[in-house]
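Subject: Structure for you to look at

Hi,

Here is the structure I promised to pass on.

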Amino acid sequence: MQLIDIGANLGHDSFDHDLDAVLQRARDAGVVQLVVTGASRDGSRKALELAQAHPGLLYATAGVHPHHASEYTDECDAELRALHAHPQMVAVGECGLDYFRDLSPRPAQRRAFERQLQIAVDLAANGVAKPLFLHQRDAHVDFMGVMREFEGQLGAVVVHCFTGTRAELFDYLDRDWSVGITGWLCDERRGQHLRELVPHIPASRLMIETDAPYLLPRTVKPPPSHRRNEPMYLAHIVEELARDRGEAVATTAATTTANARRFFGLQDVPAAG
């Protein structure tokens, strides 16, 4: 079984002391490739460095999360554009809107989001189209409004770490966007509704991710002594997801892996002999 984690924050400082061990545990659990999320200027640089240090295993995204939108200057925009010149950079983002925490003013969030969507448009115009890795929390109406401003100009889209409502999900699916499912599915306090929604996601639009070190699946038994999530738990997420979709685990794994490889343009990994 081969798995691809489409969203892991491996640049987080909690991984600084044992990243090699984390990656080995991921491999042992069947995770053959990972996309390292770039969510700030510094984080995007670090994501690229990690991808360059682990060719074929790690890839990267470059973007500014809405929490950091206040740092989005002309210099930041230029730096992101330079990062996207590297082949290891496989998506624009993480970018979008987050009105749940509002760690940056909402007008600043919208400006940063619009500017990163423009990066995607410009990359496509220059013949190097890259998909979008998007974030939305408690901001659906404005999120969709910004996306409509770029209607017909954008390529592939994944709304990562989906935690929203049925109406939000179908808004995304109606536009042929993909959806990333995390261990939020395993949270009996907040994620129970997702168990009822995931069977409605077409197989061709489904991908999986850990969002490590965040969102440790609460159904992991025995629970680890720490609260840090890591990519090896992707195997647990796919098991839970398969059960909720009424599929064999091997089917969900193969589908999500093929989708991720196609969506991000990742190289094939030979099956273990």
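**The sheet**

Strands β2 (residues 31-36) and β3 (residues 58-62) run parallel and are joined by three bridges. Across that pair, Val35 has Tyr59 of β3 as its bridge partner. Before I go on, note that this is a predicted model, in which local features need pLDDT of at least 70, side-chain atom pairs count only at pLDDT 80 or more, and totals for chains, interfaces and linings use all residues. Residues are numbered from 1 along each chain as its sequence is written, and side-chain values use heavy atoms, with hydrogens and water left out.

As for terms, strands (E, at least two residues) and helices (H or I, at least four) are DSSP runs numbered from the N terminus, and two strands pair if DSSP finds at least two bridges between them.

The sheet is an open one of eight strands, with parallel pairing and the order β1-β2-β3-β4-β5-β6-β7-β8. Its edges are β1 (3-8) and β8 (206-208); each has a single partner strand, so one side of each has no neighbour in the sheet. From one strand to the next, the twist averages 30° (angles run from 0 to 180 degrees between N-to-C directions, and axes are lines fitted to C-alpha atoms, for helices over the stretch in contact).

What does β4 pair with? On one side, β3 and β4 pair in the parallel sense over three bridges, with Ala62 opposite Val92 in β4. Then β4 and β5 pair, again in the parallel sense, over five bridges, and here Gly96 stands opposite His135 in β5. In β4, 10 of the 10 residues are buried (under 20% relative accessible area; exposed is over 50%, partly exposed in between, with a 1.4 Å probe and protein chains only), so the rest of the structure largely encloses this strand.

**The helices**

Helix α5 (residues 140-149) lies across β4 (89-98), β5 (132-137) and β6 (157-159), and runs at about 150° to β5.

Helix α4 (residues 106-125) packs with helix α3 (residues 74-83) at an angle of about 35°, the axes being 11 Å apart. Asp74, Asp77, Leu80 and Arg81 of α3 make the contact (heavy atoms within 4.5 Å) with Arg115, Gln116, Gln118, Ile119 and Asp122 of α4. By class, that is two nonpolar, two polar and five charged residues (Ala, Val, Leu, Ile, Met, Phe, Trp, Tyr, Cys and Pro count as nonpolar, Asp, Glu, Lys and Arg as charged, and the others, Gly among them, as polar).

The axes of α4 and α5 cross at roughly 35° and come within 10 Å, also in a right-handed crossing. Arg110, Phe113, Glu114 and Leu117 in α4 meet Asp142, Phe143, Val146, Met147 and Glu149 in α5. This contact divides into five nonpolar, no polar and four charged residues.

**The cysteines**

How many disulfides (cysteine sulfur atoms within 2.5 Å) are there in the whole structure? The search finds zero. For Cys76, the closest cysteine sulfur is in Cys95, 11 Å away and too far for a bond. Cys186 is in no disulfide either, its nearest cysteine sulfur being that of Cys161, at 12 Å. Cys76 is buried, with a relative accessible area of 0%, and Cys186 is buried too, at 1%.

Cheers

Technical notes
Disulfide = S-S within 2.5 Å. Left-handed = near helix turned anticlockwise from the far one by under 90°.
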